[in-house]
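Student: I'd like to learn how to read a two-chain model, one feature at a time. Could you walk me through this one?

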Amino acid sequence: MREFRVFQRVTAIATMALALFAFAINATAQDKKIKIGVIYDYTGPLAGGGSDLQALGAKIMIDHINSQGGVEGYKIKAIYADAQSKPEVAINEAVRLIEQEKVDMLLGFYSSAQCVPVAAKVDALKKFMWITTCISPAVLKGRKLKYVFRPQVHGGQFGWLSVEFLHANAKSKMGVEPGKLRLAIIHEDGPYGSGVAGGNASKAKELGMNVVLKEGYSATAPDLSSLVTKLKRKRPDVILHTGYNPDISLFLRQAKEQGLKFKALIGHGAGYGVADKLYDALGNDVDHFFNVDPVSIWLLDPKSLKPGLAAITEKVGKEYVKAKPSTKTKSAHVGMAASNAHVFFTDVLPRAIKKYGGIDAESLRKAALETNIPVGGTLLGFGVKFPKTGENDMMGQNTMASPVVMQYIKRKVYVAWPKALQTIDPVLPLPKSSPYTK
Amino acid sequence: MAEFSEALFSIFFIETLINGLLLGGVLALLSLGLNLIFGVVDVVWICYAEIIMLGMYTIFFLYKAGVPLPLAILGGIAVTTILGYLTHKLVISRVLDAAPINQLLATGGLLFFFQGLAMVVFGIEFRNLGVSLGSLAVSSDIYLSSTRLLSFAVSGVVVICLYFFLSRSYLGAAIRAISQDREIMTLMGVDTKRLYLLTSAIGGALAGLAAALLALQYDIHPFIGLSFGPITFVICVMGGLGNMVGGFLAAFVFAELITLGGYFADLEWGYVMAFVFFVVTMFIRPEGLFARKS
């Protein structure tokens, strides 16, 4: 009997000790946090050109993950920083976040002009950087960066797709042999515009298409009338345009006033990705323009996605409208950042913690290199897989990302290409109702 | 070479020349007010383009609130006139005797203040009046922007009005006199403070006029001043700071260089040519292209 009492006491003490231990463990787990520096342009011209929407998408996802209890016991502590639409500020902020705020990693970046120098700097500091947005190939191409990863589509792919789309539809839609279609490539002259335009040009050359003009301009140029005049002289059928805002609306306004005519216009993300702004500035003249971008997450068939993702898409949409109640057409920008951030928080980070035991750059890097998400496994629909060392010259670039061609009609966005994802048979050439119709 | 001669003998060369003139009209209007103020007060308002930006916002919000566009424009001009007045009264008058660098820093500070204020109050959204005046078809190939034609006409009218105001009116004569010798005017009993305030208000009104014409052509955002501020300043310097006719003519020279350079080479080359021309001008005639030799 005495032995039984002793046993009872020992059991009680052990239980209490275990409970205390579990409580302590739990408390430690709750205290764990991953500090992430989130950098976008909250001010300056790029903010209204799409960066604030990207920032919103990332924030919605961070809040969502935290509301679900964090990741493997880690809460996400985001420190938001403003790059002010200036590369030098982006670099300074990145260094400040790493060296003074002691963040574990960086996430975000809208502008390629910022991404190119920041990526090199962060990699040199041996910190992990997860790019949600900027697309210039120059960020990763040939640089062999170890700690910089980009699930996002790269700019070359934007450029290739628009030309492939035209090549496939020139004869059937416009009655012109693809080789005889006159293409003009115009772009802002930073890494973003140059990267996409380079993709346009290389694909046109590969497919034997005729580029009658390729020209860059400064996104802050106060006048584009000479460019419009030159386009009028070259008489292109299709204009492939890559720009931010407000250069896009300045170009389109001056093109209309100077009587520039064409059969189609294809934009490539950034300013063209903010349909509301385009319609506000130019009214229905925007109708039937195309935009190449990762697909807007709200246009995807929920059945094509992994179970559970459709609900997250819906939640992101609700939070988006709550934050911006005047939204008429949901921009692809928000979904893009939300999806790319979601990949990190649900795939890379859990693996880094569970398999590699931490959130240091090396663990995150190893975890990212093992990412293998099939098609349909992300909110954006495409898969995610990064190349192994030496596999190609763009280390850290998602090899499974792909954009789509979308078309704007009466403030609605439709997927026009590739055929498998079409929600509309593309309207080509521009109908007579457009003031730009050739 | 074949490309060059084809471009030269194309109908579009004529269009480029005309577009240069029309752009010159816009830039001339921007430089008039800045030059007037510098000529009289002897302080460069680095923040001048930001006053224009605030005028654009005023016109936008009045118009969107249902005020007819002409009245909205008058409202914009009224606001920039008051801003011009207040800028002098509250800031410039306190640094009139300070070193030029301090004056530059003060107006530079105002520039950031106005930008920040616009961002906080109006947000970072791009706004647009959504008004188009269309274009004028000269031939089947050449169309001219009606807004640019209007800017050109307004610039011309304003410079003529200013000329008559400065040469024929009592106040104008006083303003000209003070711009020639500010110290002697004080000794002669002229109220220079009042004249400075009046000039600043007129400069502000001209900013409002420029705002009206820019709002018809450009998106409105807190940073639009960055696109025009530096160019306006360069034009004023090129024409001879304080020399209104010089600035007016320099605007057309600068605009033609931009458009012609952009037409014959890449667009960016137009700006390169214009700025190289500016640098060379500063070496050869540091007092400005159209400054009279004393």
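This is a predicted model: local features need pLDDT of at least 70, side-chain atom pairs count only at pLDDT 80 or more; totals for chains, interfaces and linings use all residues.

Student: Which angle do the axes of H2(A) and H10(A) make where they cross?

Tutor: Roughly 120°, and the axes come within 10 Å. Angles over 145° would count as roughly antiparallel and 65 to 115° as roughly perpendicular, so H2(A) and H10(A) are oblique to each other.

Student: Which residues of H2(A) and H10(A) meet?

Tutor: On the H2(A) side you'll find Leu56(A), Gly57(A), Ile60(A) and His64(A). They meet Lys315(A), Val316(A), Glu319(A), Tyr320(A) and Ala323(A) of H10(A). Sorted by class, this contact has five nonpolar, two polar and two charged residues.

Student: I'd like another helix pair to compare. What is the angle between H3(A) and H4(A)?

Tutor: Helix H3 (residues 87-99) and helix H4 (residues 112-124) of chain A pack at about 30°, with their axes 8 Å apart. Under 35° counts as roughly parallel, so that is the label for H3(A) and H4(A). The crossing of H3(A) past H4(A) is right-handed.

Student: Which residues make the contact between H3(A) and H4(A)?

Tutor: H3(A) brings Pro87(A), Ala90(A), Ile91(A), Ala94(A) and Val95(A). From H4(A) come Ala113(A), Gln114(A), Pro117(A), Val118(A), Lys121(A) and Val122(A). By class, that gives nine nonpolar, one polar and one charged residues.

Student: How many bridges join E4(A) to E5(A)?

Tutor: Two, and the strands run parallel; E4(A) covers residues 128-131. For a residue to look at, take Trp130(A), which stands opposite Phe149(A) in E5(A).

Student: Now the backbone. Where are cis peptide bonds, say at Pro418(A) or Pro429(A)?

Tutor: Look at omega. The bond joining Trp417(A) and Pro418(A) is cis, with omega about 5°, and the bond joining Leu428(A) and Pro429(A) is cis too, with omega about -5°. Pro418(A) lies in the segment after strand E14 (412-417) of chain A, and Pro429(A) is also placed in the segment after E14.

Student: Let me zoom out. How many helices and strands does chain A have?

Tutor: Chain A has 12 helices and 14 strands. Its radius of gyration is 24 Å, close to the 22 Å that the globule rule gives for 438 residues, so chain A is as compact as a globular protein of that length. Along the principal axes, the C-alpha trace of chain A spans about 105 × 40 × 40 Å.

Student: What does the secondary structure of chain B come to?

Tutor: 12 helices and two strands. From the N terminus on, the run is α-α-α-α-α-β-β-α-α-α-α-α-α-α. The radius of gyration of chain B is 20 Å, close to the 19 Å from the globule rule for 294 residues, so chain B is as compact as a globular protein of that length. Its C-alpha atoms fill a box of roughly 65 × 50 × 35 Å along the principal axes.

Student: Last one: how many residues of chain B are in contact with chain A?

Tutor: 33 residues of chain B, in contact with 34 residues of chain A. The elements giving two or more residues to the chain B side include helix H2 (11-41) and strand E2 (143-145) of chain B. The largest share, five residues, comes from H2(B). By class, the chain B side has 14 nonpolar, 13 polar and six charged residues.

Conventions. Residues are numbered from 1 along each chain as its sequence is written. Chains are lettered from A and ligands numbered from 1 in the order in which they are written. Two strands pair if DSSP finds at least two bridges between them. Helices (H or I, at least four residues) and strands (E, at least two) are DSSP runs, numbered from the N terminus. Axes are lines fitted to C-alpha atoms, for helices over the stretch in contact, and angles run from 0 to 180 degrees between N-to-C directions. Two residues are in contact if their C-beta atoms, placed from the backbone, lie within 7 Å. Ala, Val, Leu, Ile, Met, Phe, Trp, Tyr, Cys and Pro count as nonpolar, Asp, Glu, Lys and Arg as charged, and the others, Gly among them, as polar. A crossing is left-handed if the near helix is turned anticlockwise from the far one by less than a right angle, and right-handed if clockwise. The radius of gyration is taken over C-alpha atoms; the globule rule is 2.2 Å times the number of residues to the power 0.38.
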